[in-house]
Amino acid sequence: MARALQLAARGLTTTAPNPRVGCVVVRDGQIVGEGWHERAGEPHAEVLALRQAVELARGATAYVTLEPCSHHGRTPPCTDALIASGVARVVVAMCDPNPKVSGSGLAQLQAQGIEVAAGLMEAQARDLNPGFISRMEHQRPWVRTKIAASLDGRTALENGVSQWITGDAARRDVQRWRARSCAVLTGVGTVLADDPKLNVRETDIGRQPLRVIVDSHLRTPPSAAIVQGGGVLVVCCDDSLPQAAALRAAGAEVLALPGDGGMVNLPGLLTELARREINELHVEAGATLNGALLRLGLVDELLLYFAPTLLGSSARGMFNFPALTAMAQRTELDILSLDRVGQDIRIRARPH
């Protein structure tokens with residue numbers, strides 16, 4: 001199963017909107033076939049592993065990181081391929097949270113006399129597909145917020161200048177996290193201050209993540225770098241404003257999702273992104289949007305890069321929200337990892 005998980009990770013940047021899945025077929029203690037899912041619409045991991053095993057699959061055990069699909073989607077059911085191959089046993093790391101499958105895959109195999117087992121290395125399998133699981137179980141993407149800051153937690157000077165706080169190695173590392181995401185989210189303040197592209201530049205993954213701008217009052221210039229080249233969704237409160245037509249003419253999609261207080265409905269936006277099959281949402285925004293997402297409980301994971309520098313109390317912070325009046329109101333975090341990236345420190349953490 002550990003090998004199957006290694007194989008599944010090869011699809012880290014390419015399988016969306018499908019989950020990352022690996023499969024290993026074992027007979028008499030020897031691996032006779034292995035495969036991993038690469039892209040939606042292409043063969044699943046089980047089919048590729050069985051093709052490699054051919055006749056040696058009969059009587060073998062298949063280790064799969066996710067319950068085999070039992071329905072016709074972009075490809076035929078993997079359960080049919082497993083049954084036809086003659087495998088004697090199927091071990092899965094986790095059941096499929098997709099309600100179209102959700103146990104029916106294992107039930108189909110069992111009904112054909114195949115021995116099944118589930119739960120082997122389940123935690124690792126879930127860590128490999130947090131976005132797919134979140135979309136299936138909660139109808140919203142997994143939200144990962146990236147922030148670059150000084151050691152005293154400041155993300156920009158008081159005048160808004162923020163380039164560059166962290167070093168080259170950290171910025172290259174961020175490219176890997178963008179590449180595994182289905183969409184990148186930012187706020188109009190970041191667009192106006194930095195004019196970023198927010199695309200994947202370090203590696204060719206055969207696609208670009210959807211870029212999403214939260215812009216309540218449509219202040220995004222049609223000439224902004226992020227708008228060029230298409231694949232941009234601007235989310236506002238009123239898409240009948242004259243600025244909407246100019247953005248659409250520049251190639252952007254404009255969507256109205258009005259919320260309270262003249263602001264974009266952020267929970268509604270996540271629901272809409274899930275409807276568009278967005279699994280992992282990578283956030284690179286300023287303190288206002290970061291604070292709003294955290295305050296609403298919409299942040300699943302924090303990716304924090306700290307540079308060995310100090311900017312002082314007048315510089316801008318990481319999260320804007322009302323002052324706390326009691327320590328019980330603070331946000332507790334569980335630290336997943338702490339790593340050195342070049343001269344900077346990267347902390348991965350999740351709200352407790």
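Q: What makes two strands a pair in this predicted model?
A: Two strands pair if DSSP finds at least two bridges between them. The model is predicted.

Q: Why are E12 and strand E14 (residues 344-351) called paired?
A: Five bridges join E12 to E14. The definition asks for at least two, so the strands pair. They run antiparallel. One of the contributing positions is Leu 303, whose bridge partner in E14 is Arg 348.

Q: How do you know that strand E6 (residues 142-150) pairs with E12, and in which sense?
A: Seven bridges link E6 and E12. At least two are required, so this is a pair as well. The sense is parallel. Thr 145 has Leu 302 of E12 as its bridge partner.

Q: Why is strand E12 (residues 301-307) described as largely enclosed by the rest of the structure?
A: Buried means under 20% relative accessible area. Seven of the seven residues of E12 are buried, so the rest of the structure largely encloses the strand.

Q: Which residues of E12 point one way, and which the other?
A: Glu 301, Leu 303, Tyr 305 and Ala 307 point one way. Leu 302, Leu 304 and Phe 306 point the other way. All are buried.

Q: What makes helix H11 (residues 287-295) mostly covered?
A: Seven of its nine residues are buried. Among them are Ala 287, Leu 289, Asn 290 and Leu 294.

Q: What covers the buried residues of H11?
A: The cover includes strands E6, E7 (183-187), E8 (210-214) and E11 (280-283), along with helix H10 (266-275).

Definitions and conventions
Residues are numbered from 1 along each chain as its sequence is written. This is a predicted model: local features need pLDDT of at least 70, side-chain atom pairs count only at pLDDT 80 or more; totals for chains, interfaces and linings use all residues. Side-chain values use heavy atoms; hydrogens and water are left out. Buried means under 20% relative accessible area, exposed over 50%, partly exposed in between (1.4 Å probe, protein chains only). Helices (H or I, at least four residues) and strands (E, at least two) are DSSP runs, numbered from the N terminus. Contact means heavy atoms within 4.5 Å.
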